[in-house]
Amino acid sequence: MAIVSRGFGGRRRGGDEKLPPGQYLVTDFPVLSAGPTPRVNLDTWELRIAAETGQSRSWDWAAFRQLPHEDITVDLHCVTKWSKLGTAWRGVSLDTLLDGVATDAEFALARSYGGYTTNLPLADLLGGQAWIAFSYDRADLDPEHGGPARLLVPHLYLWKSAKWVRSIDLLTKDQPGFWESLGYHNYGDPWREQRYWGD
Amino acid sequence: MARTAVLGRLTWQVATVTAVRVQTPTARTIVLNVPGWPGHRAGQHVDVKLTAPDGYSAQRSYSIASPPGATTLELTVQRLADGEVSPYLADVLEPGDQLELRGPIGGWFVWEPTSPGPVLLVAGGSGVVPLMAMIRTRARTGSRAPFRLIYSVREPDTALYAGELAGLAAADAGLDLTYVYTRSTPLGWPLPAGRINTDILTAGQAAPPGLAVFVCGPTGFVEAAADLLVDAGYDAQTIKTERFGPSGGQP
Amino acid sequence: MTTHLDGNALAGALRELFTVDITTATGQCVSCGTTGAMGQTHVYMDAPGLVARCPACGEVVLRLTRSADRAWLDLRGITCLQVQLPASGET
């Protein structure tokens with residue numbers, strides 16, 4: 001039984017851009033977090049990809065930064081309803097990182113420094129859909145936004161783009177991550193407004 | 001003895017604004033008639049929800065400024081320049097308008113007038129609101145618990161309830177009032193502007209037995225004050241903090 | 001915002017689900033064993049959900065998400081909640 005508050009419009013700016021259903025446009029870059037910002041030392045930073053076979057590969061920061069990278073411009077859609085369009089990132093494609101990995105896995109679980117996890121189908125990490133990003137807006141990625149490196153999967157809600165990523169496990173059985181195990185949709189397609197279980 | 005009543009599940013209810021009172025150039029008190037208000041305890045807050053015509057809603061928490069037992073409920077709202085809800089409450093809302101709220105909320109950051117022990121209240125800016133509810137409750141009930149308020153503000157113009165606090169402190173030796181001005185001081189103030197420090201907080205003394213401490217304000221202020229007290233040997237278990245943050249607080 | 005609020009910030013959300021005030025209930029952290037009032041937890045609310053962390057070890061003790069018509073609550077981070085109730089014979 002919500003009453004309408006006379007004269008209240010809220011902060012949102014409706015854009016004439018085409019946004020996914022229920023989203024509004026922002027021009028700042030909100031910081032959302034489930035805990036304190038991890039401070040990750042580049043000397044000890046490591047990114048690991050582990051297949052279900054037990055085989056894994058990993059890169060320290062120097063090795064990671066030697067990998068071929070791309071500049072991309074993408075739109076971000078957060079499940080808390082804000083969208084930010086045309087954001088510029090630089091990162092290493094998951095196609096590069098997963099190239100040559102032998103696996104029958106269909107699922108992936110990204111793990112972050114600080115304990116956060118999120119899951120998605122392996123297919124959604126491939127085909128030019130996902131990056132490990134280390135630079136935003138032509139500067140080093142700020143710790144508040146996931147630096148030194150975060151997962152970036154812009155075709156899904158932003159909670160799938162795990163900040164402070166440290167590893168990606170390839171799994172034969174899907175494993176719901178931090179928010180997926182607490183009511184958030186297992187897949188999270190913003191264009192089908194898949195925010196919560198059952199959507 | 002902590003109250004142990006079992007409460008009903010919290011639901012939204014509609015309150016009507018009966019009056020507004022300017023407190024400072026950037027803050028005002030909203031006086032509300034809330035039908036069936038169950039009563040509250042000093043230090044508790046309410047959640048306020050605003051709904052736009054298209055269904056968009058925003059929700060924030062506000063500390064209750066009025067003491068238990070008053071016939072109307074009062075909230076004091078500080079306008080934040082980049083706030084979404086506070087400019088509406090501080091500038092647009094008028095007597096006759098309705099507001100959705102739920103409460104009272106919070107059983108931990110509260111002071112009971114039956115507690116005889118000394119109390120140290122440390123306020124940063126609008127963090128004084130729940131502490132003022134405690135001071136008003138003390139005055140209303142005739143409690144003789146020794147109260148000390150340390151109120152940190154940027155400049156004299158931004159201090160809330162200045163006249164009322166001065167009157168209460170002048171009339172009652174059991175209420176001690178100390179201001180800290182961080183940007184500019186009143187004319188003739190004996191100290192330069194500066195932040196809160198250990199001497200001001202403790203008056204050079206160890207914690208009196210049975211002391212309860214309540215610290216409220218922006219996160220940075222609360223952390224600084226609490227750390228200073230703990231470093232001075234005050235028992236962390238006796239210090240209750242309420243941080244006003246960007247969500248759940250008072251933007 | 002990655003600084004936290006105090007445990008009383010979760011009071012409102014949990015009062016939608018419980019008839020008792022959770023902030024005065026005590027819990028024991030599953031990770032480090034520290035016991036304390038839920039009001040003393042460190043609460044992160046600027047997220048798709050609400051997360052309360054142990055003030056001693058930082059591990060998650062409580063999580064809550066909320067859609068328009070459902071709430072999901074995870075209390076696995078505490079061994080149990082101890083809630084003060086009126087003694088029999090009182091109201």
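Just after helix H5 of chain B, B:Gly233 takes a positive phi of about 95°. Let me start there and work back into the helix. Before that, two quick notes on the model. It is a predicted one, where local features need pLDDT of at least 70, side-chain atom pairs count only at pLDDT 80 or more, and totals for chains, interfaces and linings use all residues. Residues are numbered from 1 along each chain as its sequence is written, with chains lettered from A and ligands numbered from 1 in the order in which they are written.

So, helix H5. Helices (H or I, at least four residues) and strands (E, at least two) are DSSP runs here, numbered from the N terminus. H5(B) covers residues 219–231, and at 1.5 Å a residue its 13 residues should span 18 Å, which agrees with the 18 Å between its end C-alpha atoms. That expected span is 1.5 Å times one less than the number of residues.

Which residues of H5(B) are buried? They are B:Phe221, B:Val222, B:Ala225, B:Ala226 and B:Leu229. Down the helix axis, the buried residues fall within an arc of 120°, so they line one face of H5(B); the arc is that of the directions from the helix axis to the C-beta atoms. On the face turned away from the buried side you will find the exposed residues B:Gly220, B:Asp227, B:Val230 and B:Asp231. By buried I mean 20 or more other C-beta atoms within 10 Å of the residue's own, by exposed 12 or fewer, with partly exposed in between and C-beta atoms placed from the backbone.

And what covers the buried residues of H5(B)? The cover includes strands S7 (119–124), S8 (147–153), S10 (212–218) and S11 (239–244), along with helix H4 (198–202), of chain B.

Let's step back to chain B as a whole. There are five helices and eleven strands in chain B. Its radius of gyration is 18 Å, close to the 18 Å that the globule rule gives for 251 residues, so chain B is as compact as a globular protein of that length. The radius is taken over C-alpha atoms, and the rule is 2.2 Å times the number of residues to the power 0.38. Of the 251 residues in chain B, 43% are buried.

Chain B is divided into domain 1 (13–105) and domain 2 (119–244), with bounds from an automatic or database domain assignment. The contact between them takes 17 residues from domain 1 and 14 residues from domain 2, where contact means C-beta atoms, placed from the backbone, within 7 Å. On the domain 1 side, strand S1 (13–24) and strand S5 (73–78) each supply at least two residues. That side divides into seven nonpolar, ten polar and no charged residues. For the classes, Ala, Val, Leu, Ile, Met, Phe, Trp, Tyr, Cys and Pro count as nonpolar, Asp, Glu, Lys and Arg as charged, and the others, Gly among them, as polar.

Now the neighbour, chain A. This contact takes 14 residues from chain B and eleven residues from chain A. Giving two or more residues to the chain B side are strands S3 (45–51), S4 (57–63) and S6 (98–105), plus helix H1 (86–92). By class, the chain B side has eight nonpolar, three polar and three charged residues.

Last stop, chain C. It has one helix and eight strands, in the pattern β-α-β-β-β-β-β-β-β along the sequence. Of its 91 residues, 48% are buried.

Note on methods. Contact = placed C-beta atoms within 7 Å.
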